[in-house]
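My entries follow in the order in which I checked them.

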Amino acid sequence: MQPKKIGGLPVVLAIILAGMITVPVASAQSIEQPFDLQTYRAEALEHVSTREGIPVGELTIINEAFATFPLTGRSLWGAKILDEKSSAIYGIYLDEEGKVADIDAVKEAEAAEKSKRYGKLDPELAERVATMRSDEKVVVWIWLTEPSTDRSRFQGNLSEEQHQELLSLQRATYAAHEAPVIDFLKTQDSTVVYACQYAPVVFAEVSRETIQDLSKRSDVVSLDITRSYEPALNSAAPTVKANVVWGRGKTGTGIKVAIVEVPLGSGSGIQFSNPYLLDGSSYRPDLPVSGHATQVAGIVASTHSTYKGISYGVPALLSANAPSEDDTDIVAATEWAITQGAKVISCSFGGETGSSLGDMDQYLDHVVWSNHLTVVVAAGNPPNSGNVWCPGLAYNVITVGAFDDRDSSAWTGDTMWQYSGYNDPESPHGDREKPEVVAVGCGITSTSTASPWLVSCASGTSLAAPAVSGEAALLMHRQSQLTSWPEAVKAAIMAGAVHNIEGASRLSDRDGAGGIDCSIADDTIANNRWWANTVTYGDFPKTYVLSGIPAGKKVRVVAAWDSHPPDLHPPYGTINDPLQSDFDLIIYDPNGEQVEVSSSYDNNYEIGQFETEMSGNYQARVVKYRFEGASERLALAYSISDP
Ligand SMILES: [Ca+2]
Ligand SMILES: [Ca+2]
Ligand SMILES: [Ca+2]
Ligand SMILES: [Ca+2]
């Protein structure tokens, strides 16, 4: 599919609207009308006070939200209540009548309703199956249960050897786990299109009857329709301060970056004969190159003396050139890159899913937490909806929107690029925030497929994402331990993204945490202002000392962790990718006074920001509001900048 040009700007069409089912969402009216918030707040404080034996005067509501469940039509009002003395955060939900509600029971009911309506099929596949002829076949995602693997020797910082060992263990584990279903498919006259090496997924072309048989298997978690994606088309280094980091001798040396691309025109490969790109390898060297892939590659790795890539010292790129825009080919190309040792995976493609998570989101979430790899995704260029595209809706990736630096490295006057995706993913409490950060996506000159080997690019989030991939490589060059901590990479990049393009500085709808600043993120890593640990239930509250903070500075603290798909916790929506943990962040000044709290329900990060009135040691405390899994990889990073 070609992007259409409207008014001179390339606009990529939403491609998968046909066949989509819109789930009924409780309307704003039905939420607001029965609630008297003052009464609810008083009731919540009173209830928690009685339940926990704490005087009401010591409790503060730090967050409140409506948790909505579209399939059952339920809407609960929830509050997070802080006990200032103990730093504990207590939760409560009140139902439509103002009575205390059991959120877990409501989640279970939602999951049961999903199961009743669709079984293990996603709604689109369920609708497709309803109209399929018996001799027809369709390619589906078959998500299997996650095999239990002993990952205990892969905690902490992984050496390259350990990383390779982890990958080889995963290949063996998934192959064994997938074998029975593949054997079954062979008996069903079904074609296995691709068996994943790094996730419990098999793609197969199957009949209606086989879909029904598969859904009865206990090792099958879900069956989902496959989609297709498009390139997220549409000066920059000094604006994002990459040149400052180069001046410190960090250019990405030794860090393998993969560019995952879907075809635009005929091909999706990087033109490695461009003299400003080192001669890399391709997943499918037999297929044509593309301008889009080559431009994206240049933003990471161009060695041109003027138009340098953000991490121009990285080794030759891995061109994960998918032969088509389909799920199967993208996943296969991504897995090739993982096997080649990619530490950063850069994705400048996407598809509109109406803000609900898709399988590609779930797949990339799996890639991050199970392989310890950093994945960066373009937010997408929705022509009208404003929606972030799949896979930019994924939890564990870093989603990147685009801003316009007006062709000057000075920050004043920079604006958001108008088509940069920003509408947030649907979630139980509706408080996820995407994109995480933004980078320059306009007025960029990058590498091209033919002489003179440079081109002035059209605008798009496609060009912003690779800047963040390059930033990740710079940070990994600074500190190689980061190659096994994507959570810390995300936390440091968000903590450093202090260039506020629009809205609030801490976090706002269109620019997320803000425009990246590679030099501030590098300060965070170089000065050891970061931590990354595998944590369990007993580790909380977890206190980090932010030492030696000067007065009169802006300090930003970011905590980040992962989703663990495919997860059999009650799913929200149609994807088995809920969060097992809800951590919150409270920050105290040297006198022990609370200066900041960040307590979202549905993000897998928290971000706090404050200006320091005194110098000294501050404390960041991460508390567990909810912890349902066995362990989490949790990272915390902070930055110090001028207000
Ligand atoms: Ca500027
Ligand atoms: Ca902002
Ligand atoms: Ca947003
Ligand atoms: Ca939280």
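I started in the loop between strand 20 (445–447) and strand 21 (454–456), where I found Pro452. This is a predicted model, so I take every value here as a property of the prediction. I looked up the peptide bond that joins Ser451 and Pro452: it is cis, with omega about 10 degrees.

I then went on to Trp453, which lies in the loop between strand 20 and strand 21. Its phi is near 70 degrees, which I noted as a positive value in a residue other than glycine.

Next I looked up another proline. I located Pro566 in the loop between strand 24 (554–560) and strand 25 (581–588). The bond leading from Pro565 to Pro566 is cis, and I read omega near -10 degrees.

I also checked Lys241, and placed it in the loop between helix 7 (236–239) and helix 8 (242–247). Lys241 is not a glycine, yet its phi is positive, near 65 degrees.

Then I turned to a helix pair. I took helix 12 (residues 461–478) and helix 13 (residues 486–496), and found that their axes come within 10 Å and cross at roughly 110 degrees. How are helix 12 and helix 13 oriented to each other? The range for roughly perpendicular is 65 to 115 degrees, and I therefore logged helix 12 and helix 13 as roughly perpendicular to each other. The crossing in which helix 12 passes helix 13 is right-handed.

I listed the residues that make this contact: helix 12 gives Val468, Glu471, Ala472 and Leu475, and helix 13 gives Val489, Ala492 and Ile493. Sorting the contact of helix 12 with helix 13 by class, I got 6 nonpolar, no polar and 1 charged residues.

How many of the residues of helix 9 are buried? I found 11 of its 11 residues buried, and noted the helix as mostly covered. The buried residues of helix 9 include Gly291, His292, Thr294 and Gln295. Among them I also noted Val296, Ile299 and Val300, as well as Ala301.

Technical notes
Residues are numbered from 1 along each chain as its sequence is written. Chains are lettered from A and ligands numbered from 1 in the order in which they are written. This is a predicted model: local features need pLDDT of at least 70, side-chain atom pairs count only at pLDDT 80 or more; totals for chains, interfaces and linings use all residues. A residue is buried if 20 or more other C-beta atoms lie within 10 Å of its own, exposed if 12 or fewer, and partly exposed in between; C-beta atoms are placed from the backbone. Helices (H or I, at least four residues) and strands (E, at least two) are DSSP runs, numbered from the N terminus. Axes are lines fitted to C-alpha atoms, for helices over the stretch in contact, and angles run from 0 to 180 degrees between N-to-C directions. Angles under 35 degrees count as roughly parallel, over 145 as roughly antiparallel, 65 to 115 as roughly perpendicular and the rest as oblique. A crossing is left-handed if the near helix is turned anticlockwise from the far one by less than a right angle, and right-handed if clockwise. Two residues are in contact if their C-beta atoms, placed from the backbone, lie within 7 Å. Ala, Val, Leu, Ile, Met, Phe, Trp, Tyr, Cys and Pro count as nonpolar, Asp, Glu, Lys and Arg as charged, and the others, Gly among them, as polar.
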